[in-house]
Amino acid sequence: MDAQLRELVPFLRDKNPQVRQIALENLLPQSVKGAHHRDIFFSGLQSGGLQKPKENDVIRDLKLLCRDQVSVAHDAFRALVNLSDSPLLITPLSEPSFLRFIISYIINPHSILADLAAMLLSNLTASSAACSIVLNMKVEVIPDDRLSNSVYPVDSRCGSCPAPVPYPKADAKELPALPLLIEAFVEGAQVVLTEDLSKRTRKSELHFLASVFANITISPAGRNYFLSPQPLKVTKPDNTTLEYPLAKIVVFTEHKDTIRRGGVASAIKNCAFNAPAHKAILSPESVQVAVPPSTVTAPGIDALPYILLPLAGPEEFDLEDQEKLLEPLQFLPQDKKREPDAAIRLTHVETLLLLCHTRWGRDYQRQHGVYEIVRVAHENETVDKISEHIERLVQLLHGEEPKITTEEDELAEMKMTPELLKELEQSSKEAVATEDKKPTEEEDDEDMRIEDI
């Protein structure tokens, strides 16, 4: 069987698309973790030593087949999603020209398989090296108002995403990739799902980009980007109107898709490790605020209601407590449900703990009903780890405050203690051990749930 499967590899380069399709269909089941003949895809790859692992023929072919016609590209993407859980393939799959194609493909609203490409990018950005490449990458685009995002990414052209006709005549220019991905992610949430792809403004929902943002914000450089004022539209930059990139994604903490909710929750938490940014993260949009040491201001991110809403239920509060709540949390409907995913609930509670690490953050939470929400959440919580974290949060909100007499005292509070960092990071790893697995397969074409073939 192994020899027979290996004989199929050369047919991935056959001129006949039907031959390529049949060969790939037979190889695809072996790409799943635990498959008996999975080593076919790793033949010739080596780990260790000073040399970086190089791609072999089959991986090179799969990368090329991602640009093939829809049916072939679909299986090629699926195979690479399955295989990208191996450290041996992170380097060849994170090669800049291939990442540029994936990112350009995701950005293009007409890309039919962009959800699979986003899954692959999510897996790859689990590597810090890939995150760094994405963070600094620029893609070539041509202005084109016929597309919903007003730009045509040149490198997205392939069998499942042909170039627009007529081809745009404007001059090409390079734009940073990350803000284009964020704009695509926001637009993906607005997709109206219909069976007729031609009626969709964007063909894919791109929920897995939330995991990409969560991976990128693990690094200080990634957090700095999401917490640095940027033009509202990268395609039409206007330096007089700025916005924090994090503000674009915080609104999805109650989205119907678990992947999107979880990735956004993790990105918010990662950004909360930047203590000087707490004022920007919590302040309402009506307040212009900067993140020290920068003096550039932008409207506040106003993340608190989006952190608290997943923890809130339908319970009624007396008038005195109701007045303390932020407006989006007042008079919630009787059918309001808490976040069903325990790992995501834990992430939000940990974010509140991190935001308690500065005096300003604690005071703001006290004044805006955090205690009232988490008190009721604690009464309804069934996971011991989350209950313990809520109890610690309550102690911080109700504890006596040390007197801050100098600016140095206030700055000292903004330094995260190693003990706090270690504890929160460890608790997250334990809680999401079963939730944070890399995606491997799509369960169906509607919600992209993952399972092996």
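**Figure 1. A network of salt bridges links Arg-13, Asp-57, Arg-60 and Asp-61 in this predicted model.** Arg-13 is partly exposed, at 42% relative accessibility, whereas Asp-61 is buried, at 2%. A search of the whole structure finds 21 salt bridges.

**Figure 2. A salt bridge connects Arg-20 with Asp-68.** The closest N and O atoms of the two residues are 2.8 Å apart. Arg-20 belongs to helix α2 and Asp-68 to the loop between α3 and α4, so that 48 residues of sequence separate these distant parts of the chain. Both partners are buried: Arg-20 has a relative accessibility of 13%, and Asp-68 has a relative accessible area of 14%.

**Figure 3. Helix α2 is capped by Asn-16 at its N-terminal end.** A side-chain oxygen of Asn-16 lies 2.9 Å from the backbone nitrogen of Gln-18. Further along α2, Arg-20, Gln-21, Ala-23, Leu-24 and Leu-27 are buried. The buried residues of this helix pack against α1 (2–6), α3 and α4 (70–83).

**Figure 4. Gln-30 occupies the loop between α2 (17–27) and α3 (57–65).** Gln-30 is buried, with a relative accessible area of 12%. Leaving aside residues up to four places away in sequence, Gln-30 touches Leu-5, Ala-35, His-36, His-37, Arg-38 and Phe-41.

**Figure 5. Three strands form an open antiparallel sheet in the order β2-β1-β3.** Because β2 (151–153) and β3 (173–176) stand at the edges with a single partner strand each, one side of each is left without a neighbour in the sheet. Neighbouring strands are turned by 50° against each other on average, direction ignored. Strand β1 (residues 138–143) pairs with β2 over three bridges, and Val-141 stands opposite Pro-153 in β2. Helix α9 (residues 177–188) lies across β1, β2 and β3, running at about 70° to β3.

Figure 6. An α-helix has 3.6 residues a turn, so residues three or four places apart point the same way. Asp-363 is partly exposed, with a relative accessible area of 25%, and Arg-359 also counts as partly exposed, at 25% relative accessibility.

Conventions
Residues numbered from 1 in each chain as written. Predicted model: local features only at pLDDT ≥ 70, side-chain atom pairs only at ≥ 80, totals over all residues. Heavy atoms only, no water. Pairing = 2+ DSSP bridges. Helix = DSSP H or I, 4+ residues; strand = E, 2+ residues; numbered from the N terminus. Axes fitted to C-alpha atoms, helices over the stretch in contact; angles between N-to-C directions. Contact = heavy atoms within 4.5 Å. Buried < 20%, exposed > 50% of the residue type's maximum accessible area, 1.4 Å probe, protein only. Polar contact = N/O pair within 3.5 Å; in protein donor to acceptor, adjacent residues only side chain to side chain. Salt bridge = Lys/Arg side-chain N within 4 Å of Asp/Glu carboxyl O.
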